[in-house]
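Let us walk through this model, from helix packing to a pocket and then to a ligand site. Keep the chains in view as you read.

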Amino acid sequence: MSLFWSLVHLIIFPGGAFALLVALYLKGLDRRLVARLQSRVGPPLNQPFLDIAKLLTKEQLIPATACRPVFLLAPVIGMAGMAACAAFIPVPGVFGGLSGLGDLLVLFYLLPIPAIAIMLGGSSSSSPFGAMGFSREMLVMLSYELPLLMVLLACAMMTGKLSGAGTADFSLVSIVQYQLENGSYCFNPVMVPAMVAYLMFLPGTMGVAPFDIAESETEILEGPMLEYGGPLLALFQIGQAFKTFVILGLGVVLFFPGTLCDFWPVNLLWFLVKCTLLMFFSMTLVRSATGRFRIDQAVRFYFRIPAALALVSLVLVIAL
Amino acid sequence: MRLDIDTCLKKASVCSPWLFRINAGSCNGCDVELATTALIPRYDVERLGCHYTGSPRQADIVLVTGPVTIKMRDYVLRVWNEIPEPKVTVAVGICPISGGVFRDSYAIAGPLSRLVPVDVNVPGCPPRPQAIMEGVVLAKQIWMKKLGILEG
Ligand code: SF4
């Protein structure tokens, strides 16, 4: 029976179909909002679906010099890793999350998988731009991993301390449970720096401006994605969509899981509204107003500001 | 009507044309106009679902500018061959159509239609952004014909 429910969570809700639908519409909304902010008309809301449909009908070309197995497997790895992650995300008031201790740690280890898949794909494509994209992607990834780890650690220790367990509590279920009973962390001054650090981590991990360094189409022609097209690129986009859902959902769960009432459809809508707002403030606004950082600027930014903010929260939590 | 997934996918696919630019020795006038269609609020190609991509492997509609100089000929052919089927070729500006002001030059291998099948010509030196967008819309229709889903 529990296997059945795990499969439902993986394939239908909150992972699988639900996550994909939400993430693709969010992406369409993001493109439209950016266009509106630049006073353009922008694409229709369902454009990401059309893009994926288009890519599925195209011919698949594989470079003769590419390392075939890795080139074919990389998008599958990226998508599978993120599809598994999406099942872990609790939707407060609707779905309590898969139980089991330490799921925050599992998420932390699974989150870099899309970036690693991009690196694998780029380096196996035998294109020099792919190799350049590989090194850029790796530098950005290494610089945002540290603040992310500290943010997650701060949340876990906060929950562990306040709920009386003493040690860090890495279970997403209890993090949500504690906040539902005692108020969200976004109202807790100790956790506000960590929240800001998390907001700064979002554009980096999604590879949107100003951190679209690895896939900059004007400098290195899409970088690792240069040789991908057709169905394999569609797989990458689906993986990227799952990732959007995972990191937005994780942000909501860690900092603002409050619910409105006990009626689940309202809570579901509320969750979606919070995801949209999170995306708007951390990605859409930033993306439409900035250019692209140089690699060294991005690395320096991540090691200075978000890392320092996350560290402040962590130290305050420990001193509490 | 029979519900046919293949036809549905094909119908959806023409709403997402990704554009790729090849500069075959253009004077840059046409390239600036192409950038105009993408970048300024007045002529937004994104509202047609278009997206300028940097990779030929992801392209659906290829926009060629310039008279195809002898030096560029092999590269143009090579990049053009890397674009997956079905693709639509649009010649932007008078240069790729007839050679334009470079017509009798010793250095050109064009016009473009001598090298690859051209589907849409957008004349002008440089063409207006409206004309380029009309060219993209025409290219979409030709794409539909190539997929075999255009009625009437
Ligand atoms: S058509 Fe005119 S503007 Fe365009 S590339 Fe040729 S000379 Fe330049």
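Start in chain A, with helix H4 (residues 68–86) and helix H6 (residues 113–124). Their axes come within 8 Å and cross at roughly 175°. Axes here are lines fitted to C-alpha atoms, for helices over the stretch in contact, and angles run from 0 to 180 degrees between N-to-C directions. Helices are DSSP runs (H or I, at least four residues), numbered from the N terminus. H4(A) and H6(A) are therefore roughly antiparallel to each other, a term for angles over 145 degrees. On the H4(A) side, the contact (heavy atoms within 4.5 Å) is made by A:Val70, A:Phe71, A:Ala74, A:Ile77, A:Gly78, A:Gly81 and A:Met82. H6(A) brings A:Ile113, A:Pro114, A:Ala117, A:Leu120, A:Gly121 and A:Ser124. By class, these residues divide into nine nonpolar, four polar and no charged. Ala, Val, Leu, Ile, Met, Phe, Trp, Tyr, Cys and Pro count as nonpolar, Asp, Glu, Lys and Arg as charged, and the others, Gly among them, as polar.

The model is predicted: local features need pLDDT of at least 70, side-chain atom pairs count only at pLDDT 80 or more, and totals for chains, interfaces and linings use all residues. Residues are numbered from 1 along each chain as its sequence is written, chains are lettered from A and ligands numbered from 1 in the order in which they are written, and side-chain values use heavy atoms, with hydrogens and water left out.

Next, take H9 (residues 192–206) and H11 (residues 230–255) of chain A. Their axes come within 11 Å and cross at roughly 180°. H9(A) and H11(A) are therefore roughly antiparallel to each other. Among the residues that meet are A:Tyr198 and A:Phe201 in H9(A), and A:Ile247 and A:Leu248 in H11(A). The contact divides into 10 nonpolar, four polar and one charged.

H12(A) gives the largest share, five residues. The lining includes A:Met195, A:Leu199, A:Trp270 and A:Lys274. It has nine nonpolar, two polar and one charged residues.

Now move to chain B. The residues around the ligand (a heavy atom within 4 Å) include B:Cys27, B:Cys30, B:Cys95 and B:Cys125. Helices H2 (29–39) and H4 (94–98) of chain B each give two or more residues to this shell. The shell divides into six nonpolar, four polar and no charged.

Key: Angles under 35 degrees count as roughly parallel, over 145 as roughly antiparallel, 65 to 115 as roughly perpendicular and the rest as oblique. On a 1 Å grid over the protein atoms alone, a cavity is a set of points where a 1.4 Å probe fits but cannot get out, and a pocket is an open set with protein on both sides within 12 Å along at least five of seven lines; lining residues have an atom within 4 Å of a point.
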